[in-house]
Amino acid sequence: MSVEIPSININGDVGSVAVSEDVFGCDYNEALVHQLVTSFLSNGRSGTKAQKSRSEVAGGGAKPWRQKGSGNARAGTSRSPIWRSGGKTFASKPRSYEKKLNKKMYKAGMRSIFSELVRQNRVFIYEDLLPTEPRTKVIIEKLKAYDASSVLIITEEHDQNLELATRNICTVDVKSVTTTDPASLVRHKKIIASQKAIKLFEEQLA
């Protein structure tokens, strides 16, 4: 069995393309999709934040004043956390935010996302969308046929003209099949993909 995805050309003519039900007709697994998206976002964090504890701050080796008689509170170092320019009490250290997700779960999660997007009529296959020159005005005119305020365009491979034509449009992102991520899929209101890109997803996620 197959699922139909709308196909729209630059003139607004609507057709349909049959795609695999095994990839685009799965049940929606909300828990798995949440795990997939949070894992992707966590793995994108650098985790390079670092602060110095009292033992790492330079100076402060000498006792600031004698223990008694000065009228000041007792102090053993000028690098105490309660002092200005002192060390941090609970200093942050570089860490990894990586969350592992095996390939089987990743594929199942992506199938779930695509299937739900298809059910919500948010996935379209484009015809004659790629510009022959990097002109923003041209791509804006072509996107009018899809009536979308937030668009993710997926190509089978990197397209320099399309990237240049859309880089000044804040509501449009362009990704290839290999760079498409779950967060981008759920963030945009509509997904516009080439027929070749859809076929590649069928092969990769089957």
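Residues are numbered from 1 along each chain as its sequence is written, and side-chain values use heavy atoms, with hydrogens and water left out. Because the model is predicted, local features need pLDDT of at least 70 and side-chain atom pairs count only at pLDDT 80 or more, whereas totals for chains, interfaces and linings use all residues.

Rings of Phe, Tyr and Trp (its six-membered ring) pair if their centres lie within 6.5 Å; planes under 30 degrees apart count as stacked, over 60 as edge-to-face and the rest as tilted. Phenylalanine 24 and phenylalanine 114 form an edge-to-face pair, at 5.5 Å centre to centre and with 65° between the planes. This pair links distant parts of the chain, 90 residues apart: phenylalanine 24 belongs to helix α1 (residues 21-24) and phenylalanine 114 to helix α3 (residues 103-119). Helices (H or I, at least four residues) and strands (E, at least two) are DSSP runs, numbered from the N terminus.

Phenylalanine 24 has a relative accessibility of 1% and therefore counts as buried; phenylalanine 114 is likewise buried, with a relative accessible area of 1%. Buried denotes under 20% relative accessible area, exposed over 50%, and partly exposed in between (1.4 Å probe, protein chains only). The rings of phenylalanine 114 and phenylalanine 201 have centres 4.8 Å apart and planes at 50°, so this pair is tilted. Because phenylalanine 114 lies in helix α3 and phenylalanine 201 in helix α7 (residues 195-205), the pair ties together parts that are 87 residues apart in sequence. Phe24, Phe114 and Phe201 form one aromatic cluster.

Tyrosine 97 carries charged groups over its ring: the charged end of arginine 45 sits 3.6 Å from the ring centre, and that of arginine 95 sits 3.9 Å from the ring centre. The criterion is that NZ of Lys or CZ of Arg is within 6 Å of the ring centre and within 35 degrees of the ring normal.

Asparagine 102 is located in the loop between α2 (30-43) and α3 and, at 42% relative accessibility, counts as partly exposed. A polar atom of the asparagine 102 side chain lies 3.2 Å from the backbone nitrogen of lysine 104, and one lies 2.8 Å from the backbone nitrogen of methionine 105. The C-alpha atoms of asparagine 102 and tryptophan 83 are separated by 48 Å, the two residues being 19 residues apart along the chain.

Terms used
Polar contact = N/O pair within 3.5 Å; in protein donor to acceptor, adjacent residues only side chain to side chain.
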